[in-house]
Amino acid sequence: MWVDVVGEIKRRFLRKPTTGLPASQPALVFQQGDGCGGTGLTLTPANGNYSSLFIWLHGLGDTPFSWYGTMAQFAIRSMPDTKFVLPLAPTRKITVYHGTSMQAWYDIFGLDDKCAQDRERIAESTFAIQARINNIIIEQGLQAGVKPSRVAVGGFSLGGALALHVVLRSKYKLAGCAVASGWLPLESDYPEHLSAEACKTPICMSHGLADRRVPVGFAGRTHSILSAELKLAVAFHTYDGLGHSTCASEMVRIGQFVTAAMCRSR
């Protein structure tokens, strides 16, 4: 399956560049893995040189393959010198779906704000994922000469929730955090667990007003906590008629946000 998918990626996205590279050389190189021993995908400029890093986390039951096209478009349109890392979540049983095994960053007990959160298991699994993302920042970023201020983290749904969780606790001042259809897990941990560096990191949130799986109220509450209580720089955008998904205008805005955040950190 992996080989077939990578072949499809090459067929669809490894185009001959219009400028800058020899005609026989692709603009991007796709590789299996997250670059640090974990599963996933990476998209790297074909010349091997990059000055920024964007880590994108997929949602519940999803894989990086749903997102490689969007990341390739980001690279083509505004981030040609960026390496994209799309880790794959481990497989685990999800309580809200009656114990069904699927790709997930951590377990979910329910999809409403009255549902309990398994603090112990969330803390355990997010600690492991946080360590993995920090390794990506160090090995794919710092060791390649990329400053943390040129690293952005984002994600969709559960991936967006984890991205926010990681950024708010990061020991690095990162370029930015993009959260699509996500929320803040373990919100009662703040401000105690908010890192000093995270206070300097801009955040972009977006959510569909027709989202029934993760109602926009989740995002609204998160935005209120981040902006009013924690005094962070947060932009919040909503989209009429959009369910638990993304749309072109939303992803364009996220791309613009990340590009601007990278530029400010040059």
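Modeller: Start with a cut-off: a residue is buried under 20% relative accessible area, exposed over 50%, and partly exposed in between. Keep in mind that this is a predicted model. R169 has 21% relative accessibility, so R169 counts as partly exposed.

Now the strand. Strand β9 covers residues 203–208, and six of its six residues are buried, so β9 is largely enclosed by the rest of the structure. Both of its faces are covered. On one side lie I203, M205 and H207. On the other lie C204, S206 and G208.

What flanks the strand? Strand β8, residues 176–180, runs parallel to β9, and four bridges join the two. In that pairing, V179 stands opposite M205. Strand β10, residues 234–239, also runs parallel to β9, joined by six bridges. There, H207 has T238 as its bridge partner. To get from β9 to β10, the chain passes through helix α5, residues 216–229, and this β-α-β crossover is right-handed.

Next, the charged pairs. Side chains of opposite charge can pair when their charged atoms come close. The model has five salt bridges.

One of them joins D189 and R169, at 2.7 Å from N to O. D189 sits in the loop between β8 and β9, while R169 sits in the loop between α4 (158–168) and β8, so the pair ties together parts that are 20 residues apart in sequence. D189 has 12% relative accessibility, so D189 counts as buried. R169, as noted, is partly exposed.

Another salt bridge links E197 and K200, at 3.6 Å from N to O. E197 is partly exposed, at 25% relative accessibility. K200 is exposed, with a relative accessible area of 51%.

R150 is buried, with 4% relative accessibility. D81 is partly exposed, at 22%.

To recap the strand: β9 is largely enclosed, with β8 parallel to it and β10 parallel to it as well.

Technical notes
Residues are numbered from 1 along each chain as its sequence is written. This is a predicted model: local features need pLDDT of at least 70, side-chain atom pairs count only at pLDDT 80 or more; totals for chains, interfaces and linings use all residues. Side-chain values use heavy atoms; hydrogens and water are left out. Buried means under 20% relative accessible area, exposed over 50%, partly exposed in between (1.4 Å probe, protein chains only). Two strands pair if DSSP finds at least two bridges between them. A crossover is right-handed if, with the strands pointing away from the viewer, the path from the first strand over the helix to the second runs clockwise. A salt bridge is a side-chain nitrogen of Lys or Arg within 4 Å of a carboxyl oxygen of Asp or Glu.
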